[in-house]
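Subject: Handover of a structure and notes on it

Dear colleague,

Please find below the structure that I am handing over to you.

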Amino acid sequence: MTRAHAGAANALMKRDNTMSLLEIKNLHAEVDGKPILNGLNLTVEKGQVAAIMGPNGSGKSTLAYVLAGRPEYEVTAGDILLDGESLLELEPDARAAKGVFLAFQYPMEIPGVATMTFLRTALNAQRKARGETDLSTPEFLKRVREAASRLGIDQEMLRRGVNVGFSGGEKKRNEILQMAMLEPRLAVLDETDSGLDIDALKIVADGVNRLRSPERGMIVITHYQRLLNYIVPDVVHVLSKGRVVKSGGKELALELEARGYAEYQSEAA
Amino acid sequence: MPAVQETVDQVRSIDVDQYKYGFVTDIESEKAPKGLSEDIVRFISEKKSEPAWMLEWRLSAYRRWLTMREPTWARVDYPKIDYQDIYYYAAPKKKDGPKSLDEVDPEILETYNKLGIPLREQEILAGVERGDGSRTRVAVDAVFDSVSVATTFQAELKKAGVIFMPISQALREHPELVRQYLGSVVPVTDNFFATLNSAVFSDGSFVYVPPGVRCPMELSTYFRINEKNTGQFERTLIIADKGAYVSYLEGCTAPMRDENQLHAAVVELIALDDAEIKYSTVQNWYPGDSQGRGGIYNFVTKRGDCRGDRAKISWTQVETGSAITWKYPSCILRGDNSQGEFYSIAISNGHQQVDSGTKMIHLGKNTSSRIISKGIAAAHSQNTYRGLVSAHRKATGARNFTNCDSLLIGNKCGAHTVPYIEAKNSSTVFEHEATTSKISDQMLFYCRQRGMSAEEAVALVVNGFVKDVLQQLPMEFAVEAQKLISISLEGSVG
């Protein structure tokens, strides 16, 4: 168990242990006045990996952005509770400090800012927000090196600008590296499998699996079942027209793979 | 892509009133009467006990200036300057020139202390600690309004044969050197502001590094405008003789005042065979308030002459201040195989207007030059890069690489790039790259999702953007510049 997990566990004792990690209630959200989420309900328990599948345009990525607090996405009704506390009024950085992490489908490039610097700035900003002291340089370096080597990220890459000149696979691995360093309570992986070949997919999935823990919840958003062969979910939710229309065990993903999304597209219309 | 509302608000709330150097030192000063005339020119020359040839030089400049017109080609807009409403000479009152620091007015010492520039040598000896634990020393010439008030480490420099003193003192002690080089790079007739400077300049720094000498420490001048309605016209002359090397730093600040103040400096650099001069500037003149009131008008002519073969001149500037900046540090690559470099970070915020860039004039064979310019515009500011790269008919094998990047914060500012490129021989290779980007909302969101505040995110992105140039600054200045950049953009977010 890492330090953060121990810390989270201590914090939990004060919390209601039966409380869900994440509760999304009747969530409505829109972008540029266009409604995308239409009364979405979803619960993620501690330690749970929940897969969210659904056709294009069903609101999967919107859900990810709304959870993280992206400003262009307006919540018009409903609530999002993390450990029983509403996230809606919190800025994106405050949500991050509470433990919300989003692995982006398209990670941004930041020229001139070394990945190492980026990670350290982010980590210390979160620690500061939580009233913790900065991580010492040797301790930080030790953790980065360990996490990077597990993901097959070499030291040279950590010195390069964030995602600049990285391949698709490298960018996704870099997202998982950040997740490993930031040790979130809730990790949202938005189409992490897109653009990955099978070897890269295995490395990324392996990195994610290593981060599964009894205190951490994960939402794995994917269009295809393929990723779920490697990150095996506890539950699968099907999203259509901005709502969860079906939930089931991991076998639901296989069913979707075989039958496609056609029935959900018409059903929710 | 539309700016996210947040960014727009952040930019709107940019508060340039946070200028940290805006205090006024209360000190009695001696001024020449307001306005400009032959009498004023004579007054200044007399104050400095200059030789007769110098007075003639000034007067010829003054007469020439009367026939000249203020240039209007730059992309800057400001009310007409009344040249008769300016004091051309202001000096802290004192009996004789201070012989040592103990004689410098404590108010002035305190001013430099507040600016973070210790003039006492023992304090400077403590210096900035480098990464490897060693300490560096910097010799400082402090110019307060029109006069130099202190120059440190003169004795130690003298031992190495380096002359570093106020130019007014050099005119008395080394008239032959000054006479040989003054105006040889920026002629008296060069341009409106340079000609004005030639007539009325009151002080500045003089550096001479003899053949084969590597200057044992960084040299630095800190310019401070204190008096109201006073122009500052300093003149800097740096000569690196054959095989010599010198690194020179310049810093500038001024109090916050509602009226505009004029700063028209001239800097001349001369590098002989195999010599190298590295000239760095951190310019933080008062930029005016958030409504665009006040601020320094900065009209500066800086030019270096690679007069010898294999000479090298390198300009590095971090420009964050001034209401108006009109400044083109240039290199004349006269010697064969000589090299010129220009690294620039220009940040504009509030209502600042920057028109800055460089000229690389290739005259010698196989000369090369490199230009890296990073412009950052926020709020209502306008930021223009204007550059000339030219190769003479005989400058065979000339090479230039130019990279101009602009970064916009918000949607009320502007970035402009105006490159002039002329090649008069066919063996010249000139490359030009330019980009304009915005701190995109996605990029900000990405950083904020990782836990950074909007302010931290902008600072991180901007620091990444300017990194190539920051690396060119001497270390003690790089740290200062980095701080300055975040202060300049403070309030641009959050």
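Two strands are said to pair if DSSP finds at least two bridges between them. Helices (H or I, at least four residues) and strands (E, at least two) are DSSP runs, numbered from the N terminus. Please note that this is a predicted model, in which local features need pLDDT of at least 70 and side-chain atom pairs count only at pLDDT 80 or more, while totals for chains, interfaces and linings use all residues. Residues are numbered from 1 along each chain as its sequence is written, and chains are lettered from A and ligands numbered from 1 in the order in which they are written.

The sheet in chain A

Chain A holds an open sheet of six strands with mixed pairing, in the order β6-β9-β10-β3-β11-β12. At its edges stand β6 (100–103) and β12 (243–248) of chain A; each has a single partner strand, so one side of each is left without a neighbour in the sheet. On average, neighbouring strands of the sheet are turned by 20 degrees against each other, direction ignored; for such angles, axes are lines fitted to C-alpha atoms, for helices over the stretch in contact, and angles run from 0 to 180 degrees between N-to-C directions. Strand β6(A) runs parallel to β9 (residues 186–190) of chain A, and four bridges join them. Within β9(A), Val188(A) is the residue opposite Leu102(A).

Chain A as a whole

In total, chain A has 11 helices and 12 strands. Its C-alpha trace spans about 55 × 45 × 35 Å along the principal axes. A compact globule of 269 residues would have a radius of gyration near 18 Å, and chain A agrees because its value is 18 Å. This radius is taken over C-alpha atoms, and the globule rule is 2.2 Å times the number of residues to the power 0.38. Of the 269 residues in chain A, 43% are buried. A residue is buried if 20 or more other C-beta atoms lie within 10 Å of its own, exposed if 12 or fewer, and partly exposed in between, with C-beta atoms placed from the backbone.

Strand β15 of chain B

In strand β15 (residues 295–306) of chain B, 12 of its 12 residues are buried. Strand β12 (residues 260–263) of chain B pairs with β15(B) in the parallel sense over four bridges, and His263(B) is opposite Asn298(B) there. Asn298(B) also has a bridge partner in β17(B), namely Thr325(B). Strand β13 (residues 266–271) of chain B is joined to β15(B) by six bridges, again in parallel.

The core and the contact between the chains

The largest nonpolar core has 205 residues, and those with the most contacts inside it include Phe101(A), Val188(A) and Val207(B). Such a core is a set of buried Ala, Val, Leu, Ile, Met, Phe, Trp, Tyr and Cys residues joined through C-beta atoms within 7 Å. Helix α11 (residues 454–470) of chain B gives the largest share of this core, 11 residues.

The contact between the chains takes 23 residues from chain A and 19 residues from chain B; two residues are in contact if their C-beta atoms, placed from the backbone, lie within 7 Å. On the side of chain B that touches chain A, α1 (5–12), α10 (441–449) and α11 of chain B each supply at least two residues.

Yours sincerely
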